[in-house]
Amino acid sequence: MGTDFMLLNHDENAHILFNSLLGHASVNHLHLHSLPWPYDSEIVFRRCEPLAGVEGVFTIKPPQWISQAFVFQLTGKDHYDKFLDQLSICVDLLLSHEQSHNVFFARAAPIRVEGEEREEDRDGSKPLRVTAYFFPRINMMGPKPPTNFNPAAAELAGCLTAYTYKFFDSVTEQSALRVVTEEAQLPEHIFESLCSDLSEALLGRKVSIPRVTPSFEGLTSPEMDELRDSFSSFDPPSPSRLPQRR
């Protein structure tokens, strides 16, 4: 759906965003965000690295960008089905690893793996292609603070949201990057492991699924209470107690 929206919308400022569960999803169901953002995300100008063993799939990570991401680009109509298959395989892999993630769709010039770290197409001579950035990130448990700076899809793509004047007046690049590093950026060895598994999955090879044990360490008592409430069971009334139709 996100890919089709981008293809049907010819506005260069149109973006699609997605936040998974444990990735600062704003509600407990899956949905897409449409973002008309009249600015270029810096990520579209950055050099990427090829994913080992897989043609046409890339990665980006610090210091090239503020957080790690898998990068997919639709290069033409003949590549449409393959592009969707690659996105689906990536999502399935992240879900099987119980790895939260954020997704950012944009239009970008053809991906570079050589040259300068940052290269902007100022004269507009290069084609703009639908590009998807998948950010695997630290799983965030507990309620989402409504007015805090929460690094999700928009923030990891470089669009910082400010919900209060105090934050807007006081935030610095260093403080924002610190929050991204502490709350979103994966340890290097975990991202490298995901890269290896994604490469195997895209090549059609079987990937072992790690056994993940949920950790509630660091949650406060109110957060634990809310988490318990969210998993509370609902007992439907017995059919014998329902009013009988006549």
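The buried residues of helix H6 are covered by, among others, strand E4 (57-60), strand E5 (69-73), helix H2 (80-96) and strand E7 (129-136). This is a predicted model, in which local features need pLDDT of at least 70 and side-chain atom pairs count only at pLDDT 80 or more, while totals for chains, interfaces and linings use all residues. Residues are numbered from 1 along each chain as its sequence is written, and side-chain values use heavy atoms, with hydrogens and water left out. Helices (H or I, at least four residues) and strands (E, at least two) are DSSP runs, numbered from the N terminus.

H6 spans residues 188-202. Its 15 residues reach 21 Å from first C-alpha to last, close to the 21 Å expected at 1.5 Å a residue; that expectation is 1.5 Å times one less than the number of residues. Its buried residues include Phe191, Leu194, Cys195 and Leu198. Buried means under 20% relative accessible area, with a 1.4 Å probe and protein chains only. Gly204 follows H6 with a positive phi, near 85°.

Now the sheet. It is open and has seven strands, in the order E2-E1-E6-E7-E5-E4-E3, with antiparallel pairing. Strands E2 (33-36) and E3 (49-50) each have a single partner strand, so one side of each is left without a neighbour in the sheet. Two strands pair if DSSP finds at least two bridges between them.

The E3-E4 hairpin has six residues between its strands, and Gly53 takes a positive phi near 85°. Four bridges join E4 to E5, with Thr59 opposite Phe70.

In a regular strand the side chains alternate between the two faces of the sheet. E4 is covered on both: Val57 and Thr59 are buried on one side, Phe58 and Ile60 on the other.

H2 lies across E4, E5, strand E6 (101-108) and E7, at about 10° to E7. H6 lies across E4, E5 and E7, at about 30° to E5.

What of the cysteines? How many disulfides does the whole structure hold? The search finds zero; a disulfide is a pair of cysteine sulfur atoms within 2.5 Å. The sulfur of Cys90 is 9.7 Å from the closest cysteine sulfur, in Cys195, too far for a bond. Cys90 is buried, at 0% relative accessibility. Cys48 is buried too, at 5%.

Key:
Buried means under 20% relative accessible area, exposed over 50%, partly exposed in between (1.4 Å probe, protein chains only). Contact means heavy atoms within 4.5 Å. Axes are lines fitted to C-alpha atoms, for helices over the stretch in contact, and angles run from 0 to 180 degrees between N-to-C directions.
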